Amino acid sequence: MKKAAVDKIIDSYGADRSQIIAIMNEVQDEERYLPEETLKHIAQRLELPLAQLYSISTFYRVFSLVPKGKHQCTVCMGTACHVRGAERVLSELERVLKVKSGETTKDKQFSLDTVNCVGACALGPIVIMDGEYHGQVTAAKARNVLKKPEAK
Amino acid sequence: MNKAKALKSAEELKALFQSLSSEKTVGKIRVTIPNATCSIARGSAGIIRRLEEVLKQKKLFSQVEIKVTGCRGFCQIEPVVVIEPLNVLYQRVSADDVPEIVETSLVQGQVVERLLYPVSKEKRARTEAELPFYSLQKRFVTENCGVIDPTSMEDYLLTGGYQALARALKMKPEEIINEVEKAGLRGRGGGGFNTALKWRTCRTAPGEPKYAIINADEGDPGAYMDRSLLEGDPHRVLEGLIIGAYAIGSSQGFIYVRHEYPLALRNFRTALNQAQEYGFLGKNILGSGFDFEVQVNQGGGAFVCGESSALMASIEGKLGEPRAKYVHTVERGIWDKPSNLNNVETWANVPLIINKGADWFAQIGTDRSKGTKIFSVVGKINNTGLVEVPMGVTLKQIVFDLGGGIPQKKKFKAVQTGGPSGGCLPESLLSLPVDFDRLTEAGSMMGSGGMIVMDEDTCMVDVARYFLNFLKDESCGKCTPCREGIKQMLAILNRITEGKGQEGDVEQLEEMSGGIIDAALCALGGTAPNPVMSTIKYFRNEYDAHIRDHKCPAGVCKALVTYAIDPQKCTGCGVCLKNCSTGAIKGAKKKPHKINPKKCIKCGICYEVCKFAAVKRS
């Protein structure tokens, strides 16, 4: 990310230190991870120790310090999804993609993550593929969720 | 749309309301389509697009009003389309149904029978009022959800919106607090704390400025009423906050929205901008001399940030770690100033109390739990959705009368309430009236109102393990009892679910639970053992089956389950063989198949795909 773009985000929050999480959220939305250089720049601009940014990056679940894959596959692990078999769906996706939850495939195509409830429990088990919600996913149907982007 | 002129007084609001009411279009056909997170996931956006296309083709576009709303609560039958004045509700609509709906219902004024909700084999319901799901409901807090356009200030004003604020600003702050006290409002987010008491403590606490905060970090898995309120009626929540802020003497508000709720955040931001434009926020609100601003903060996906002191630390830009609360946050919260935090649903109740009065509010509910409560009824249940019922209805009424019971005629086992801090209640407690105190007495809690229904196929040991695993991930790590204790309890539960449980494990879990409850710093840790304790209390036999017989009666725990094909039932159709990814299933066509246990990875796919129930899990 260009420094000017980062500065724009920082300035939109009036370079307010208490808005650090919001600023990092916006960078994460753009880059889908937090590049080290960008974090250093933010730390410098806000006069915060880099260690503080590091601790925030590792405390909050949405932040990632490593680049994510082209496609984001998120499995909801809320209770309603769990009792309907979300764990089996996750194992199947882990097996098909050959990664564990939280990892990215070697070809950088897919990142697989879990989320603790997206609050759309009627649809459980839910898998969110690049922002699109797939409901009532079963282990047998799990790999179909991955199909569309692969074909593109 | 023209930029609205900021209203300067209650009289100007009243005049605006009257002019909007008289302008209200009468006689126009109105098609209401909920378009909230659940509905979008089921294709409501496609229906709206298609409807616009068809209406334009037929040159009917100007004669029909399309009303895009939030959720009506009955998620199971989404996407829903409601047509007025025909007064009909269509359920499970797809974009392909749109041309028929337009032709039959909008042009000819007839009903498309096949899209009506089937109440029984013979009978179909025409309107929402006829659906059993709504039978016991009293939709007060959610009255606008699914009815008004949440992005329209005019829609909200037409329901009488912001008139509670106008009324409140003419009252003395102490009078408002008294009214809320008389109503008996208790916090809807967790412990059910007395709202008026909290407000009063904050008001009288030394220190300026004071802060008023909306907790929209709805983290309990399985609960989504706050998302629905913010998506469907954001102005009501905001109006409640402004009234509360005035009562407390706060000039600065915050909303802390969880990261997983993008639409809720967007709709609330829209509401904030509109309120600013209309003069419900800013300086000298409605000429009362009261100033108030609201700042939006987004969470980062940390469950612990729903806890008040952690949430406030996060607003300050710090790690969301709770602190010991010798001094409560209402006295010293954000930047050590008095800070009053209530969740979305609690704030949404406030305009209702001001409009209808404390006496009206207090006659709903039970002795010590007043008003209604929104519950999300989810899991192994036929009618998944949000229900708003008076406090005191029984679990049975919620699960069976509204929820429609368990799918596929399976047997009810438990209902889990209160999220990771709550517990699992068995069948014998189904007649329990649901209110704050009764749930706590039964070893669970109200929490934010999630109710996860479990059937015979749910393993209660696995559920306990699930919650501890959740809390192990979400523990902030600050205090040892929570950080290490949960981890060790989880290790024992993992062992049990893997068939390596030992005699004495259950007693060890109970002992550790007591230690964590006594010593943890915040409510996350302090209530973490609840799911374990309640499942031990009510489902001890399942623990024993895992430990002594190395069996998982529900067939969930992978290590204790084997899959086999019943040769009597297998037709040799080959579907399981085709779907088996490890080649563990062999068999000739039209001959019974067999599973090779050495190759089987127990993914459960054969069990799912078999149409003849020939695959057995034991």
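How many bridges join strand β8 (residues 252-257) of chain B to β9(B), and do they run parallel or antiparallel? Six bridges join β8(B) to β9(B), and the two strands run parallel.

## About the model

This is a predicted model, in which local features need pLDDT of at least 70 and side-chain atom pairs count only at pLDDT 80 or more, while totals for chains, interfaces and linings use all residues. Residues are numbered from 1 along each chain as its sequence is written, and chains are lettered from A and ligands numbered from 1 in the order in which they are written.

## Chain B as a whole

Chain B contains 23 helices and 19 strands, where helices (H or I, at least four residues) and strands (E, at least two) are DSSP runs numbered from the N terminus. Its C-alpha atoms fill a box of roughly 80 × 70 × 40 Å along the principal axes.

The domain assignment, which is automatic or from a database, gives domain 1 (26-131), domain 2 (153-362), domain 3 (372-455), domain 4 (460-548) and domain 5 (562-617) of chain B. The C-alpha centres of domain 1 and domain 2 of chain B lie 34 Å apart. Five residues of domain 1 of chain B are in contact with six residues of domain 2 of chain B, a contact meaning that the C-beta atoms of two residues, placed from the backbone, lie within 7 Å.

## The parallel sheet

Strands β8 and β9 belong to an open sheet of four strands in chain B, in the order β9-β8-β7-β10, with parallel pairing; two strands pair if DSSP finds at least two bridges between them. Because β9 and β10 (339-343) of chain B stand at the edges with a single partner strand each, one side of each is left without a neighbour in the sheet.

## The mixed sheet

Another open sheet of chain B has five strands in the order β12-β11-β15-β13-β14, and its pairing is mixed. The edge strands are β12 (385-390) and β14 (423-426) of chain B, each of which pairs on one side only. Strand β13 (residues 412-417) of chain B runs antiparallel to β14(B), and four bridges join them; here B:Thr417 stands opposite B:Gly423 in β14(B).

The axes of α17(B) and helix α18 (residues 480-497) of chain B come within 9 Å and cross at roughly 150°. The residues that make this contact include B:Leu468 of α17(B) and B:Leu490 of α18(B).

The contact between the chains takes 43 residues from chain B and 36 residues from chain A. Among the elements of chain B that give two or more residues to its side are β9 (293-298), β11 (372-379) and α17 (460-474).

Methods. Axes are lines fitted to C-alpha atoms, for helices over the stretch in contact, and angles run from 0 to 180 degrees between N-to-C directions.
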